[in-house]
Amino acid sequence: MSAWVLPDHIADVLPSEARHIEELRRELLDTARGYGYELVMPPMLEHLESLLTGTGEALGLQTFKLVDQLSGRMLGLRADTTPQVARIDAHLLNRQGVTRLCYCGPVLHTRPDRPHATREPLQFGAEIYGHAGLEADLEALLLALDCLKATKVEPLTVDMADARIVRSLLSGAALAPGQVVQVHAALATKDATELSTLTCDFPKATREALLALIGLYGDAKVLAEAAKVLPRAEPIRQALEHLQWLAGHVDGARIRFDLADLRGYAYYSGVRFGIYTPGASDALVRGGRYDEVGAVFGRNRPAVGFSLDVRELVGVAARRQLKAAIRAPWLDTGAGAGELRTAIAALRREGETVVCVLPGHESEVDEFLCDRELARDTAGRWAVRAL
């Protein structure tokens with residue numbers, strides 16, 4: 001095998017895509033900053049027990065593991081940044097009030113999470129800690145939508161669900177962990193036959209409610225139907241009210257509900273959402289409330305947030321125009337060389353891109369639009385003129 005062949009689902013990012021990724025990254029971070037979110041940069045590498053504490057088996061399987069040559073302890077390369085941000089909130093900042101944090105950096109996965117996906121996503125996320133009310137859920141959702149709008153992604157559809165509904169329904173059934181996973185899988189795939197088999201020994205009300213969940217997806221009418229067919233348990237009533245309240249405060253996106261959608265069920269503790277757009281193979285953004293995320297770090301604060309893969313976002317975001325640039329000759333010595341260098345330096349200080357043509361070469365520049373050149377005017381001075 002050639003030394004330059006990369007591992008499966010790992011790829012170099014070439015100039016055009018890299019430029020687009022960097023522009024999107026800046027727009028996302030600027031949007032989060034506009035909401036008052038502070039940037040943090042957690043390390044790529046941590047002790048394994050810290051990295052995986054409380055995250056569940058799925059993230060453990062996605063995490064690359066290695067031995068620290070200094071301490072002999074097991075280390076992990078992060079597969080998700082949220083647990084690290086929860087650790088920062090709990091132990092390093094340790095604030096009493098609301099804390100808003102954002103981040104953008106690579107994560108590594110042992111396997112791609114879907115066909116044709118990269119194993120090295122560039123994860124952007126924003127999280128708000130310390131407020132248990134729906135205002136925080138709404139802020140996270142609105143920020144996620146504004147981030148996509150800032151990157152010129154449209155139209156947008158928000159799918160909403162709530163982890164408390166299934167959790168409440170299953171609370172009345174004695175289930176082994178393996179059975180819980182099977183029930184969740186059947187609900188997620190809307191496999192009524194499999195779900196009927198798995199729940200044959202459940203209490204009648206629980207069984208009927210779980211089977212009803214499969215058909216509870218669509219527009220706002222879903223919530224009214226759910227209130228009729230699901231048990232009148234307090235967690236379910238509250239979940240449906242919260243979903244209705246949030247949906248009523250969102251503009252500029254189509255709202256859908258899928259009460260059987262359980263992706264990330266072990267992670268979320270309340271309302272969860274995914275944001276979709278045509279051309280994307282899956283949700284561009286996933287987020288919601290995960291109040292238990294900080295408990296393993298000794299500080300169980302309310303938490304809600306979202307994340308997305310900037311590299312995936314590139315595939316659906318509108319392309320940006322090339323940056324305008326100025327072409328300039330190369331003069332190392334001789335008459336006018338000092339004046340040329342001074343003119344070039346002045347243009348660069350003003351924010352212009354100046355590409356110097358090296359002797360004997362034409363500059364092969366694909367990522368800049370050289371629409372002007374620096375040349376001598378009729379008075380012999382260096383001046384910019386249109387090409």
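**Figure 1. Glu38 stands opposite Leu101 in strand S5.** This first close-up, like the others, shows a predicted model, in which local features need pLDDT of at least 70, side-chain atom pairs count only at pLDDT 80 or more, and totals for chains, interfaces and linings use all residues. Residues are numbered from 1 along each chain as its sequence is written, and side-chain values use heavy atoms, with hydrogens and water left out. Strand S1 (residues 38-39) and S5 (residues 99-106) run parallel and are joined by 2 bridges. On to strand S6 (residues 122-129): S5 pairs with S6 in the antiparallel sense, over 8 bridges, and here Arg100 stands opposite Ile128. Strands (E, at least two residues) and helices (H or I, at least four) are DSSP runs numbered from the N terminus, and two strands pair if DSSP finds at least two bridges between them.

**Figure 2. An open sheet of 4 strands has the order S14-S13-S15-S16, with mixed pairing.** At its edges are S14 and S16 (382-386), each of which pairs on one side only. From one strand to the next the twist averages 40 degrees; the axes behind this value are lines fitted to C-alpha atoms, and angles run from 0 to 180 degrees between N-to-C directions. Let us walk across the sheet. S13 and S14 (residues 353-356) pair in the parallel sense over 4 bridges, and Ala328 faces Cys356 of S14 as its opposite residue. S13 (residues 323-328) also pairs with S15 (residues 368-376), again in the parallel sense, over 5 bridges, with Glu373 of S15 as the bridge partner of Arg327. Between S15 and S16 the sense is antiparallel, over 5 bridges, and Arg372 has Ala386 in S16 as its bridge partner.

**Figure 3. Strand S11 (residues 285-289) is largely enclosed by the rest of the structure, because 4 of its 5 residues are buried.** Buried means under 20% relative accessible area, exposed over 50%, and partly exposed in between, with a 1.4 Å probe and protein chains only. Strand S10 (residues 271-276) runs antiparallel to S11, and 4 bridges join the two. Among the residues here, Ile275 has Val285 in S11 as its bridge partner. S11 also pairs with strand S12 (residues 303-309), in the antiparallel sense over 5 bridges; look for Gly287 opposite Phe306.

**Figure 4. In the largest nonpolar core, of 70 residues, Met160, Leu187, Leu213 and Ile275 touch the most other members.** Such a core is a set of buried Ala, Val, Leu, Ile, Met, Phe, Trp, Tyr and Cys residues joined through side-chain atoms within 4.5 Å. Helix H5 (residues 134-150) gives the most to this core, with 10 residues. The core lies between domain 1 (1-153 + 284-320) and domain 2 (157-276), because both give residues to it; the domain bounds come from an automatic or database domain assignment. Apart from this core lies another, of 14 residues, including Tyr103, Ala163, Val293 and Ala303.

**Figure 5. A closer look at Leu187 and the residues it touches.** Not counting residues up to four places away in sequence, Leu187 touches Val166, Leu195, Leu210, Leu213, Ile214, Ala260 and Leu262. Contact means heavy atoms within 4.5 Å. For context, residues 24 or more positions apart account for 69% of the chain's contacts with a separation of 6 or more. Of the 387 residues of the chain, 46% count as buried.
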